[in-house]
Structure formats: structure tokens, C-alpha cells
Protein chains: 2
Amino acid sequence: MNITLTSGKTIAAAPGRSVLEALNEAEIYLTSSCGGKGTCGKCKIIIRSGRVESKSKMKLSQEELDKGYALACRTFPSEDILIEIPKESMLTVEGKIATGKSKDLQELLRSTGAEIEPIADRTVLDLPPPSLDDNISDLERLKRELLTKRLGCLRVPFRFLANLAKTVRKENWKITLCTVHSEDCDEITNIFPGDKKTPRYGIAVDIGTTTIVVYLVDLSNGELVDVASIYNSQIRFGDDVITRIVNATEHNELKNLHKAVISDINILVSLLRKSHHIGVDSIDCLVVAGNTTMTHFFLGLDPSSIREEPYIPTANIFPLAYAGELGIRLNPNMPVYSFPCVASYMGGDIVSGVLAAGMHKKEELSIFIDIGTNGEIVIGNREWMVSAACSAGPCFEGSGIKHGMRATDGAIEYVKIDRQTLEPEIKVIGENALPMGICGSGMIDAVSEMFLSGILDQKGRLRKGVSSRIREGEDGPEFVVCSGDGGDIVLTEPDIENIIRAKAAIYAGFSTLLKEVGFTFDDVHRVYIAGGFGKFLDIEKAVILGMLPELPKERFEYLGNTSITGAYLCILSRRLRAEAEDISRKMAYIELSVSHSFMDEYVSGLFIPHTNINAFPHVKELMKK
Amino acid sequence: MNITLTSGKTIAAAPGRSVLEALNEAEIYLTSSCGGKGTCGKCKIIIRSGRVESKSKMKLSQEELDKGYALACRTFPSEDILIEIPKESMLTVEGKIATGKSKDLQELLRSTGAEIEPIADRTVLDLPPPSLDDNISDLERLKRELLTKRLGCLRVPFRFLANLAKTVRKENWKITLCTVHSEDCDEITNIFPGDKKTPRYGIAVDIGTTTIVVYLVDLSNGELVDVASIYNSQIRFGDDVITRIVNATEHNELKNLHKAVISDINILVSLLRKSHHIGVDSIDCLVVAGNTTMTHFFLGLDPSSIREEPYIPTANIFPLAYAGELGIRLNPNMPVYSFPCVASYMGGDIVSGVLAAGMHKKEELSIFIDIGTNGEIVIGNREWMVSAACSAGPCFEGSGIKHGMRATDGAIEYVKIDRQTLEPEIKVIGENALPMGICGSGMIDAVSEMFLSGILDQKGRLRKGVSSRIREGEDGPEFVVCSGDGGDIVLTEPDIENIIRAKAAIYAGFSTLLKEVGFTFDDVHRVYIAGGFGKFLDIEKAVILGMLPELPKERFEYLGNTSITGAYLCILSRRLRAEAEDISRKMAYIELSVSHSFMDEYVSGLFIPHTNINAFPHVKELMKK
């Protein structure tokens with residue numbers, strides 16, 4: 001049985017294997033945000049000919065069904081079929097979009113004062129050939145030469161002796177050693193004959209609960225070569241970390257959760273490698289930043305005690321692992337560094353974020369907040385740091401929102417509503433891209449604009465009759481943000497409820513943590529905001545929504561995805577890696593889930609902007625208008 | 001198809017699989033000195049019923065063939081068969097014989113002043129359970145507790161995190177850590193729940209070119225629990241290291257040579273474990289001493305440059321390996337330590353021997369000689385050491401000698417010939433054991449006695465007619481040493497030629513090396529003799545043969561198998577392991593194979609005792625008598 005693509009390619013199908021799996025096998029990757037459950041409607045294909053069994057039609061319009069659309073993850077061929085893959089279903093790399101990011105990142109690296117000194121290095125050695133008078137062994141010869149090149153100890157794992165004799169003799173005693181710095185020692189990870197100093201790349205990974213982002217970094221100059229991202233396919237085991245831990249522990253799914261994230265990373269790395277024609281032997285290391293549970297799943301570690309009081313992870317600072325141990329399809333001896341975590345609910349993504357923000361080096365008091373699936377907040381300066389987590393949920397990453405999507409091509413990232421006509425003006429990510437959904441910054445814009453223009457009340461309910469764009473949808477009342485190519489893009493009342501719950505949790509986290517350490521918002525010199533909002537986040541709108549406190553605008557700094565930025569910095573600099581470990585050791589963690597104060601603050605935040613409107617004098621002004 | 005044993009056990013047979021392989025599979029191990037080539041005649045079985053195809057009858061007498069004897073390694077069942085395994089064919093452990101050795105070894109260990117501090121250790125930790133106030137991770141908890149127990153660093157390989165969370169919680173936060181000391185750090189090799197401090201054992205291995213000996217050592221008190229030995233089944237790839245290197249290099253047999261030695265060790269360890277009911281988790285480490293080529297084969301390293309000028313091994317000091325990496329059937333993470341070597345032809349067995357002899361700590365000048373397949377000689381004291389190798393051949397271990405055997409039960413270890421009747425008086429190893437062959441010390445006795453009693457001339461030819469025990473055999477003239485149960489035990493003229501060539505090489509080595517460093521035999525205070533000669537070696541007889549120089553008797557000390565003794569010491573003491581590495585670094589090596597002086601000395605030694613009879617004044621006296 002075969003699946004032929006309209007592009008001409010033919011791949012093998014097998015009974016019981018979905019079209020999505022068959023495409024994956026053939027290294028053709030589609031987007032998906034539900035992990036293949038058939039619920040997100042993103043892996044659309046068009047069946048041109050042939051019989052199939054389709055087990056889900058969710059998120060497909062009647063018009064699409066009439067045109068032969070199906071969900072690849074729930075479609076099983078019954079015979080040879082011909083399919084078309086719509087452009088928007090294809091998982092792609094960012095390509096040229098990465099160029100701008102690269103400049104910013106290289107500038108950030110320079111600004112830290114750190115030299116480019118990747119955690120995995122290559123050294124080219126020209127060994128003097130042995131003679132009867134100089135007849136030390138191959139290994140001793142290699143070590144002797146290294147001693148002249150640098151100080152410090154060298155650890156040689158036994159496995160590298162296997163081909164040493166052949167390797168040194170292959171290109172007349174010239175060899176390239178790949179090493180990784182680990183526990184005060186350089187450890188050999190690979191040996192090549194000849195001069196293989198370049199090309200060499202590193203892979204930086206941000207494992208978000210909802211989204212996985214991968215950076216391909218040129219280790220010789222720090223260039224960000226390209227970016228790729230994907231929804232974390234663990235989503236099929238639950239949207240949040242707790243559901244996934246329950247699945248791992250009580251339904252024996254740890255192995256599958258581990259495999260899911262590894263497979264996602266393999267897909268992205270494979271996309272990037274193909275796109276830039278890079279062989280596995282040119283990739284020297286992989287650095288991963290993720291929350292504590294994500295890091296445990298990534299490493300295949302049992303997360304069950306993370307969920308139970310007193311909430312203990314297996315480790316916060318992880319030993320180096322190797323690609324082969326984890327199932328990562330690169331050189332099996334390639335080192336994998338996992339960002340250190342702080343506690344069960346304060347992970348490596350936040351340590352990475354603090355590193356990227358640089359607040360651990362500043363004298364002034366700063367707040368760092370990462371708005372992801374879990375909202376994490378850090379307060380402190382170069383002397384001390386205290387952190388807390390507030391469970392915000394994944395809605396700003398597009399999950400749990402009907403037309404939610406990540407901040408990629410086709411996402412509405414900006415919404416302005418005309419106060420008179422109540423007509424929205426939108427901006428979409430991507431050159432000439434048609435709107436396909438709405439991302440986090442778009443949601444914040446939309447809800448605050450809808451609120452200010454009277455479409456929405458303080459409780460987040462749509463005011464029926466105010467605009468012809470408010471209509472009754474499948475899930476109750478909804479607001480039509482725009483009419484897209486594949487149908488209208490709407491925000492439903494349940495969507496808006498989700499957004500309000502998320503912003504309430506974030507604001508409650510801010511205020512509770514500040515109170516715990518005895519400060520007020522006025523003491524805060526800087527608020528660093530991280531999250532997968534894309535290029536822009538309109539701080540003012542986030543304040544109107546009541547997600548962020550009302551502070552002078554210049555105190556806010558939106559940094560984007562700092563987890564991946566920190567991973568980028570760490571892969572290029574041993575010094576910054578050491579700083580990350582320092583941050584993880586220095587940071588204290590406060591458990592908010594048991595705090596009454598937090599619950600009170602949360603409930604007060606379930607209004608727009610807040611029950612205590614006096615904390616938002618400027619918004620109060622705007623509301624009057 | 002089945003093979004039933006007269007003992008009642010039935011095992012599976014398969015077409016194309018020899019009876020020996022089928023027995024091995026069922027963990028029934030037979031002796032063999034040819035590695036399964038069908039030439040040594042040691043793996044005898046008796047076919048009681050059923051048809052078989054037998055591809056070799058070598059070493060089987062007509063009488064045996066009539067009784068149904070066959071060689072298990074070259075016998076293939078054609079149908080169900082019933083076989084008997086004669087007691088002498090069974091590979092066994094030494095059992096009680098080891099008790100005496102154990103006392104000597106424990107005394108030797110005490111005499112070095114080293115404490116029992118095995119290279120692989122166990123530590124029992126009683127961790128304080130975590131709480132909300134003490135919520136560090138499992139790994140940090142473990143490390144914190146270790147810091148209170150001892151100094152130094154701890155390396156945790158990634159794989160040990162996998163079950164850490166479950167293990168610490170299994171027996172209420174009590175755990176046992178297995179660690180190995182490696183590169184100034186303790187590395188975790190295993191974690192068990194609860195107190196598993198004992199039982200714990202170590203395995204010391206001497207990999208000889210001809211014989212492999214394994215000691216099972218109780219690491220808690222240094223007791224030698226038991227001993228087992230086997231012919232190195234690499235013999236099927238050649239008797240000597242050079243032939244085996246050629247096979248590895250030119251016939252692509254490296255993998256098979258590696259597998260052969262690993263399988264031999266697996267057999268012996270399995271025998272010992274079964275015999276003493278020891279589980280794999282109670283074995284903490286394995287220490288191997290062998291010559292450089294044997295160590296390379298053991299570790300699976302390409303030996304080809306060992307054979308070619310300038311004779312370079314891959315390594316002399318080897319990183320720790322793990323059982324799983326090598327195919328050793330114990331806990332895959334159990335550490336394997338290989339004795340450091342000096343040069344391509346001066347191996348870890350000699351470093352181990354020098355450690356056992358203790359000459360590296362003495363002020364006086366000593367000579368150490370190990371008479372194995374290769375004869376290695378070391379001269380020096382605590383300040384310096386120079387070594388050389390002389391290719392003596394494996395005859396003293398029983399190989400290449402018609403009725404040769406190792407010094408185990410049934411071996412003639414002592415021969416005295418009555419000067420009048422010319423009748424031999426013999427002693428056989430083992431209580432009430434019947435003579436089955438002749439071992440190294442027996443050969444030295446026999447040849448020197450035959451020489452002194454006029455049975456043999458100076459060139460090693462039998463004087464026909466002198467004794468009725470001299471007769472024409474299959475291989476030419478032979479001397480009947482005794483009439484055994486399974487036929488006469490003889491020394492043939494080719495046997496005697498082999499013995500003379502071996503002793504000539506040894507003596508030439510002595511004298512050449514002494515000359516090289518500017519000393520004479522008179523300067524030597526002590527001669528340590530090592531080799532697999534069993535309990536006794538009659539030094540006087542060895543001098544008469546011309547193998548050893550004529551020195552005052554009290555200067556000689558026979559030490560037996562020092563390679564295994566050094567491995568025993570090393571497994572029990574980190575200090576002695578460090579001394580071994582010191583010896584390997586300190587020892588110089590001189591290549592004799594290119595020395596004319598050596599060749600001249602060798603040729604002069606092809607007489608009994610020597611062409612230059614004046615170097616042997618006492619033997620000259622005896623000859624006159």
C-alpha cells in the first residue's frame with residue numbers, strides 16, 4: 001500500500017499506521033498541537049484519490065470536508081492513496097527569519113563579555129609519529145601533545161580506545177579531538193582523522209510544556225543558523241505537567257512521554273540538518289532548557305515524587321548524558337547538557353531565562369516572569385533571588401484556545417479595535433501571510449481592546465448586540481476577530497475565560513511573591529517579561545488586562561523566549577554555563593500553592609483588570625473614557 | 001535432537017553445533033587446550049548410544065576409540081545421543097585447594113603494610129527523608145550525606161539517575177552505593193536499596209597467552225575463596241601472540257579473539273559463582289593482568305601496530321572499562337581494571353609480578369623472571385628498573401608437549417631418576433590422583449634427571465639402548481616417564497627439543513639484559529622466579545638444565561604465578577594499585593629481538609646446560625660423577 005504525494009513522492013503505508021506516522025517515517029513532518037490525538041485539526045491533508053478510514057473530523061469545516069480534507073493523524077489508508085499536503089500543514093524551519101534573531105543573540109553574547117568558548121570543543125593535534133626511540137603508546141602520545149596545548153586533566157572513556165590506533169594512523173598522525181568540559185575535566189567525546197575543526201554546530205533546545213524550540217548554532221562564530229519549533233507531542237498525555245506526571249506514574253507512560261519529547265527533538269534536528277546539509281559528525285553538543293518535569297521526561301527520569309509533597313525531583317543539577325543514552329539520533333557519544341533546575345516547580349527554563357535577562361548580575365531589584373504553561377516569577381538581584389510558580393496554563397501558547405496558535409507565520413499578533421466602528425485591525429506574522437489563528441500577544445491585545453471598547457464586560461462576558469461580530473457559536477457566544485481563508489477566526493467566551501484565569505494567576509504570583517519578600521511594586525526597578533509571544537508584546541495592553549502591574553512603561557522589558565536564549569548563551573560559553581549553575585544554587589523557591597494569600601489574590605484577579613481597580617489608576621482613567 | 005548425560009541431565013543439540021558447544025551453552029564446561037580445534041585431545045567424552053559424526057580422533061588411543069571415546073569439540077550428533085563425561089574432562093574449581101593459597105596471599109597482603117581498601121567499595125547511607133523544609137533533590141541529598149562520610153569528589157554517571165528516585169524510597173532512605181576509585185574521584189557504579197554492604201567479591205584474572213586463571217576474592221577480608229583456570233581458547237588462533245596478532249589483523253579475527261578470552265573468563269566466573277552461590281550483584285569489580293597483546297585482545301583493541309616496528313600499543317595505561325562494554329556476563333556497570341603495561345612486549349602481567357615480588361621497594365639489585373609463553377625479565381631496585389622479553393614459548397605450560405599439561409590435578413610435577421636402575425620416581429598433583437600428563441616443573445626435573453643419568457646427551461637426544469623406557473614412538477624416539485591409566489606418559493625428542501629451546505631463550509635473556517645494564521650475575525642479590533609451575537620448582541634442576549644461572553641457592557625465590565598474585569593485591573588495595581601504575585611508568589624496556597648478543601647467547605644455550613660449561617662449575621662436577 002502506498003501514499004503518493006501530489007509533489008510526486010511515494011511513501012510506504014502499512015495497515016494500522018496513520019498517514020501522519022507514515023509521513024514522519026519518510027521524514028515529512030506536519031504541524032500538530034495535540035500530539036496526534038485528532039483534536040487540534042492542524043495536520044490537515046487533502047485526499048485526492050483512494051479510500052481511507054478517517055477517525056476524527058475535529059476542527060474541519062464542512063467546506064473542507066467537501067474538498068477532501070482529513071486529519072493525517074487519524075487517517076488510515078485502505079488502499080493506495082494520492083494526497084496533497086497544504087502548505088500550512090507543513091512543519092518548516094524559520095530560514096531567513098533567523099538572521100535577525102542571530103544578530104540580536106550575537107550582540108547579547110558580546111554584551112555579557114563572555115568569549116566564544118563552546119562547552120563542547122574541537123582540538124586539532126599534529127602528533128609526532130612514533131619511532132623506536134619515541135615508542136610511547138598512542139594514548140600517551142595524544143595526552144603528551146594535549147599537555148603542551150592546554151592545562152587541566154583529560155578524561156578518556158574506554159570506548160575511545162577502540163579505534164584510536166587506526167584513527168591516528170589514517171591521516172599521518174593528524175587528528176581532531178572533540179571534547180566536552182565536565183566536572184573540572186575535559187572528556188573526549190569523539191576522535192576524527194585529519195583536521196575537522198569546522199564545520200561544527202551546537203543544538204540549543206527549549207523544551208516547553210506546550211512548545212519545543214530548537215536553535216541550530218554555528219559554534220565557530222556564534223551565528224544562529226536557523227530555528228525550528230513544534231508543539232510538544234506529550235500533549236496527548238495531558239496539557240499540563242501534573243496530568244502528564246499522573247500518566248507517567250499511574251498509567252506507566254514514562255517511557256512513552258520520554259520517547260515523545262525525544263522524537264519531537266529528533267524531528268526538528270532532522271529538519272534543520274537537512275535544510276542546511278549538516279552531517280551528524282558536525283554536531284558537537286545539545287543543550288536543553290526546560291522546566292523540572294520536562295527535564296525529567298527528557299532524561300527518562302521518574303517524575304512521581306515531583307507531584308507529591310514534599311515535591312522532590314530526582315536531581316536539580318544533572319550529570320552530562322550522551323545522545324545514544326537518550327535515543328537522540330545524532331552521534332551516540334555527543335554530549336547532552338541539561339540546564340540545572342531549582343526545585344520541582346522552578347526549572348532550568350527559568351534559570352536559563354534569568355541568565356538571558358542578566359538580572360543575576362545587576363545591583364538593582366528586578367522581577368523576571370516567564371509566561372509559559374506554568375508562570376514562573378523570580379525576584380532579586382546579584383545578591384539573592386527568590387522564586388515562585390503560579391499555574392497559568394498554556395493558553396498564551398495557543399493551547400486551549402479555539403483558534404489559538406503559536407507565534408509563527410499566520411498568527412494574529414496584534415489587534416486594535418476601532419472605538420467607533422468596533423471593527424478590528426489586525427497584524428499577522430509572516431510576509432503576506434493570511435491569518436490562520438491567534439497567538440498570545442494577539443489574545444492580550446484582543447481581550448483588552450474588546451474590554452476597552454465595551455465588547456466585553458469586566459467579568460469577561462461578551463455584550464451581545466453591541467457588535468455584529470458577536471454571534472452564537474458551537475461553544476457559546478464568540479467574537480469574530482477576522483474572516484480568514486479557512487473560515488472565521490473567533491475568540492469564544494470559554495477562550496476569554498481561559499485568558500482571564502491565566503492573567504489572574506500571573507498577577508497573583510507577582511503580588512504574593514513581592515509581599516513574601518517584603519517589597520512592593522514600587523521597589524521594582526525592572527520587570528523582565530519572557531514568553532512565547534513572538535516579536536512583540538504590548539505591555540500597555542497586558543496592564544489593561546490586569547496581567548502586569550501598573551508601573552512606568554520604561555521599567556518593563558519584553559525579552560521573548562528567554563529559555564532558548566539562555567540555552568544559546570550556555571552552548572557558546574563555559575563561563576555562562578558556570579553562571580547558570582550558580583543561579584540554580586543561589587535561587588530560593590517558595591511554594592505558592594499552599595498560600596492563602598495567593599488564592600485571595602487569584603480570585604481578585606478574575607476581573608478585568610482587577611477587583612481592586614485602584615491598583616490600576618491609569619486603566620481606571622481609560623475605562624472612564 | 002537431544003544430548004542426554006549419564007548423570008541424567010538432557011540438553012538440546014542442534015545441527016552443526018558440536019557437543020562441546022552444546023555443553024558450554026548448558027554451562028557444563030570441559031577442559032580443552034587447543035581452543036576447540038580437535039588437536040589437544042582433552043575434551044574427551046564417551047558416546048554411550050546414538051550416531052555421531054566425529055571430525056577428529058587426535059590424541060585418542062585405539063583402546064579409547066573402541067570404548068566409544070570421542071572429542072566433544074569435533075563431535076556432532078546425528079540423532080539423540082547418550083554420553084558420559086569422564087571426570088578428567090570436566091573443568092572444575094580448585095575448591096579446598098585454595099585455602100592454603102588464601103593464607104599465603106593474606107599474609108603477603110599484610111606484609112606490604114597495605115590496608116584492605118578494595119578498588120571498588122560499598123558505602124551504606126542512611127539518608128534523612130526529605131520534608132518541605134529540607135526539599136533538596138534526591139541526588140543532592142545523596143551527595144550531601146557522602147560529604148559527611150568522606151572527602152573527595154563523586155562522579156555520578158547519568159545512567160544512575162534512572163532508578164534513583166525509586167531506589168532511595170524502597171527501604172526507607174537506606175541505600176548502598178557501589179563506587180570505584182577512578183582518576184582521583186569516586187564514581188558510582190551501582191545503587192541498591194537497603195544495607196548491602198556484604199557479601200561482596202572481586203574477581204582477579206591472569207590472562208596468560210596459554211592459561212587463564214581466575215581468583216574469587218572476598219573483598220571484606222581478603223580471603224581467596226576459590227580458584228579456577230582454563231586454557232586460553234585463543235589458542236585456536238595460534239599458540240603465540242604474534243600468530244594471533246596476524247590472525248586479528250590479516251584475517252579479521254580481532255572480534256573473535258576478543259570473544260574467545262571473554263568467553264573463557266565468563267566460563268570461569270560462572271563456575272566459581274555457581275560453586276559458591278554468588279549473585280552477579282555481589283561482584284564489585286574485576287582486575288585483569290595480562291601481557292600487552294592479551295590486554296589488547298581482552299579490551300577489543302586493534303593490536304596490529306604491536307607487531308610492526310616501532311612496536312606501539314594503543315595504550316599502556318588503560319581507562320576503566322565496564323563489564324557491559326566488554327561482554328562480561330556480570331552487572332553491566334561493574335568496573336573492569338586492566339593492569340598497566342610498559343611496552344608492546346612488556347605487559348601488565350609483569351608489572352603485576354613485580355608488585356607481587358616487591359622488588360620495586362627493595363634497595364638491593366634483584367632480577368625477576370616470569371617464565372610463561374613469553375619469558376620476561378626485569379632487573380632493578382626501588383630506584384630503577386629495566387626489562388626485556390625473550391620468546392620462550394609455551395612448553396612449560398604444557399602446550400607443544402605431547403603429554404604436557406598445566407600444573408593441576410593429575411600432572412606429574414616431580415621426577416627423579418635412579419642413577420642405577422634408570423627408573424623414574426614421580427609425584428603427581430592432587431590427592432591420590434593418577435598421572436595424566438606432565439607439567440613444567442615435571443619437565444625440568446625429567447630432562448635434567450635424564451641428562452644427569454645419561455639417558456639424554458648434551459644436545460637433548462635420547463641415547464637409544466640405555467634404557468628399555470626409550471622406544472620409537474609416533475613422533476620418533478621417546479622416553480616413557482610412567483604408565484598411566486589412559487596409556488603411557490612419554491617425553492618425545494621433539495618435546496625435549498622444545499624444552500631446550502625454551503630454556504636457552506630464558507638464559508640468553510638473563511645474560512644479555514645483565515650485560516646491557518653493566519652488571520654480572522654476581523651483583524644480583526635475588527632472583528625471583530614466576531611462572532605456572534605449580535607449587536614447586538626445583539631450582540637446582542633448572543640450573544642443571546641451564547635455564548637459570550648458577551648462583552647460591554638461597555638467592556633464588558620461586559613465587560609461582562605472580563601475575564594473578566599481583567592482581568589479587570591490586571583488587572584489595574588502592575595503594576598497591578597506585579604502586580602498579582608507578583612501576584609501569586618507572587620501568588624501561590629494551591628490545592632484545594634486534595640484539596646480536598642475544599642471538600649468540602641463545603645458540604650457546606641449545607646445549608645442556610650450556611656451551612660454556614665453565615659458567616656452570618657445579619653442574620660440571622655433577623656431570624663428572
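In the predicted model, Leu105(A), Leu108(A) and Leu109(A) of helix α3(A) meet Thr565(A), Tyr568(A), Leu569(A) and Leu572(A) of helix α15(A). By class, the residues of this contact comprise 6 nonpolar, 1 polar and no charged. Helix α3 of chain A spans residues 97-111 and helix α15 of chain A spans residues 562-572. Two packed helices are described by the angle between their axes and the distance between the axes. For α3(A) and α15(A), the angle is about 60 degrees and the axes lie 11 Å apart. Since angles of 65 to 115 degrees count as roughly perpendicular, α3(A) and α15(A) are therefore classed as oblique to each other. The crossing of α3(A) with α15(A) is right-handed.

In chain B, helix α3 (residues 97-111) packs against helix α15 (residues 562-572) at an angle of about 60 degrees, and their axes are 11 Å apart. The pair α3(B) and α15(B) is therefore oblique, and α3(B) and α15(B) cross in a right-handed sense. On the α3(B) side the contact is made by Leu105(B), Leu108(B) and Leu109(B), and on the α15(B) side by Thr565(B), Tyr568(B), Leu569(B) and Leu572(B). The contact of α3(B) with α15(B) contains 6 nonpolar residues, 1 polar residue and no charged residues.

The two chains also touch each other, with 37 residues of chain B in contact with 38 residues of chain A. On the chain B side, the elements that contribute two or more residues are α4 (138-149) and α5 (164-170) of chain B. The side of chain B that touches chain A is made up of 21 nonpolar, 7 polar and 9 charged residues. The same surface is used by both copies, as 100% of the contact residues of chain B recur in chain A.

Within chain A, the domain assignment gives domain 1 (2-89), domain 2 (120-193) and domain 3 (202-348). The centres of domain 1 of chain A and domain 3 of chain A, taken over C-alpha atoms, are separated by 27 Å. Domain 1 of chain A gives 8 residues to the contact between these domains, and domain 3 of chain A gives 9 residues. The side of domain 1 of chain A that touches domain 3 of chain A divides into 2 nonpolar, 4 polar and 2 charged residues.

Some backbone features of chain A are found in its loops. Thr198(A) and Pro199(A) are joined by a cis peptide bond, with omega of about -5 degrees. Pro199(A) lies in the loop between β11 (185-193) and β12 (201-207) of chain A. A cis peptide bond also joins Ile608(A) and Pro609(A), where omega is about -10 degrees. The loop that holds Pro609(A) runs between α17 (596-604) and α18 (617-624) of chain A. Lys59(A), although not a glycine, has a positive phi of about 70 degrees. Lys59(A) is located in the loop between β4 (52-54) and α2 (62-67) of chain A.

Note on methods. Residues numbered from 1 in each chain as written. Chains lettered and ligands numbered in written order. Predicted model: local features only at pLDDT ≥ 70, side-chain atom pairs only at ≥ 80, totals over all residues. Domains from an automatic or database assignment. Contact = placed C-beta atoms within 7 Å. Nonpolar A, V, L, I, M, F, W, Y, C, P; charged D, E, K, R; others polar. Axes fitted to C-alpha atoms, helices over the stretch in contact; angles between N-to-C directions. Helix = DSSP H or I, 4+ residues; strand = E, 2+ residues; numbered from the N terminus. Parallel < 35°, antiparallel > 145°, perpendicular 65-115°, else oblique. Left-handed = near helix turned anticlockwise from the far one by under 90°.
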